[in-house]
Amino acid sequence: MISYILRRTFAAVILLLVVTAVTFAIFFLLPRMAGQTADQLAQQYIGKSPTKADIAAVKQNLGLDEPLYAQYWHFIKGIVAGATYDLGPTTAHCDAPCFGYSFKNHVAVWPQLTSRLPVTISLAAGAAVMWLVSGVVIGVISALKPRSFFDRAFMGVALAGVSLPMFFTGNLALLLFTYQWPIFGRTYVPFTENPAQWANTLFPAWCSLALLYSAIYARLTRSGMLETMNEDFIRTARAKGLRERRVVARHGLRAALTPIITVFGMDLGLLLGGAVITETVFSLPGIGQYAVQGITDNDLPPILGVTLLAAFFVVIANLLVDLLYAAADPRVRLS
Amino acid sequence: MTAPIETTGAQAEAQPEAVLVGVDKGQIEGRSLGQIAWSRFKKDKVAVAGGVIVILLVLLAVLSRPIQAMFGLDPNALHQDLIDPNTSLPKGDFGGMSWDHPLGVEPKFGRDIATRILEGSWVSLVVAFGATILSNTIGAVLGVVAGYYGGRVDTIISRLMDTFLAFPLLLFAIAISATLQGGAFGLEGLPLHISVLIFVIGFFNWPYLGRIVRGQTLALREREFVDASRGMGARGPYILFRELLPNLVGPIIVYSTLLIPTNILFEASLSFLGVGIQPPQASWGGMLNQAVDFYQVDPQYMIVPGLAIFVTVLAFNLLGDGLRDALDPRSR
């Protein structure tokens, strides 16, 4: 078991390095490959209407004129050890982990991310509970009576659910339930301040997100259950005289759940790195909204920081899923 | 299990196992896999409906510009006379619906919504089809190579797929679109935005089909016809592209049909966030982006592009699900 944990952790560290390399490539290499000059790239890190001196300062601070490996070294060193930027008269410190520094707003990105993290966690956790429960329950019911009325109705709704764009359903929910009939609040309130108000404001966002994901999970659960319920061990369980309920819950669902847990880990990791569209639609001041603010302000460092954080979350979620797997299923450890 | 022996004398004569009725007029025609799939598909009314809508949508998208030219429509023509200057909302009910503007006009500028939907349709489909072709070409080639060669090649490609699946796709797409906004590869304006969208959506999506193709190839490569081909002296590339890939056309078509709606949503999301198609070019996601400022007072402007996306995506999903059921009966 210990060697398995070590191996998986090692693989996760490698994956993290690859992901930071790709993120670096997107932000520093790709624009140059596409024909932008160092000046043009530097301009993207300052925002609208910069002066010549601004551009030169950013170029120097990010080392955009230096060779690629040196730029990558600055990038990694910043994350691990922090960085100091020389801004003409003053200097700016970006403490480790330095996920970038917004030259436009003169703030380091990391503190912004951590202050916004609770909002994103609230959103992701609430929605995850809703979609996991509803998706799995609907999937199991549909799989037990395939081609029945319920199956067809649920799967029809699920298909509609995956076909609806989040930014449409979300706005529709806002229109109906915060303006037409003001049942839910409009501005985010932290949990520590007022838990009831917190849930009240987040509820429409949870539902919109859960509609999309539970549709995906219901379809996944249904096909997984249909497959496992035809397996030999289900017949054996029935032949032993177990009650159908126990056969479904302990034997069928347990086997069908493993792939769902994998997908769940990925989805949750991704969402924690910023539910970009949901946060935009519901004006939740989370991590994803920070990235969108970066787009509107023409300010690249926030987008870079959010991308890195999201990648970290996905890798960590993957690792956790792997370890959970190994704890649940001894066969995984040995292979 | 042995069958019980019948002992009732008279009926115990030899009987043919199955009796064909009404075939004395001629031979029974053999049916290819495609014909069997087609006859199965035809019975699935919902999938056929999806397919019909998809064909209509593709026609609409292809003929979008000719239709505009024929009726003298301009998606960017302003109709300030239809806008109430005090509220900047369209005059009249239902977002300014009229014979000239059957879906109303947008607030503030008064551009015709129907024409903008028509113009947005081709953008949406070009990006979705382009991205699907890009990612499924990469996915099919790498998948079949990994599955056929196995060993170290398989390990490398499979790790690559795992790595790509661990990327935060939407954020990468946002980042790439944002960094390339200023200009890239000598392109500018609409061609630039469309190519960047096709690249960012297509380049990161390939492992989904790659995994499926790899899995199918693992099973196919053990079949006799591959051995026969190898025995006749065929080598790697020939077996890959002439023997294996033609047998994988089914799953590739199915997953392409199912990837297109995902890509339509992806393009709309990016345009909605402001990193996709840039105004004034009409796109469905971009229209929703602008509609957000008005949705409390003019919900019409949000509902029309929202429904356009919904119907398109749903139609492709229905068609894809139907094709999957028809081509792979096990998935029912």
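**Confidence**

I started with chain A of this predicted model, which averages a pLDDT of 83, with 96% of the residues at 70 or above; pLDDT is the predictor's confidence in each residue, from 0 to 100. I noted that local features need pLDDT of at least 70 and side-chain atom pairs count only at pLDDT 80 or more, while totals for chains, interfaces and linings use all residues. Residues are numbered from 1 along each chain as its sequence is written, and chains are lettered from A in the order in which they are written.

Helices here are DSSP runs (H or I, at least four residues), numbered from the N terminus. A reminder to myself: where pLDDT is low, the predicted coordinates should not be read in detail.

**Domains of chain A**

I found chain A divided into domain 1 (2–94) and domain 2 (109–328), with bounds from an automatic or database domain assignment. Their C-alpha centres lie 32 Å apart. Their contact (C-beta atoms, placed from the backbone, within 7 Å) takes 15 residues from domain 1 and 16 residues from domain 2. On the domain 1 side, α1(A) gives the most, with eleven residues.

**Chain A against chain B**

Here I see 43 residues of chain A in contact with 37 residues of chain B. Helices that each supply at least two residues of the chain A side include α1 (2–33), α7 (166–180) and α13 (300–328). The largest share, nine residues, comes from α13(A).

Methods. Contact = placed C-beta atoms within 7 Å.
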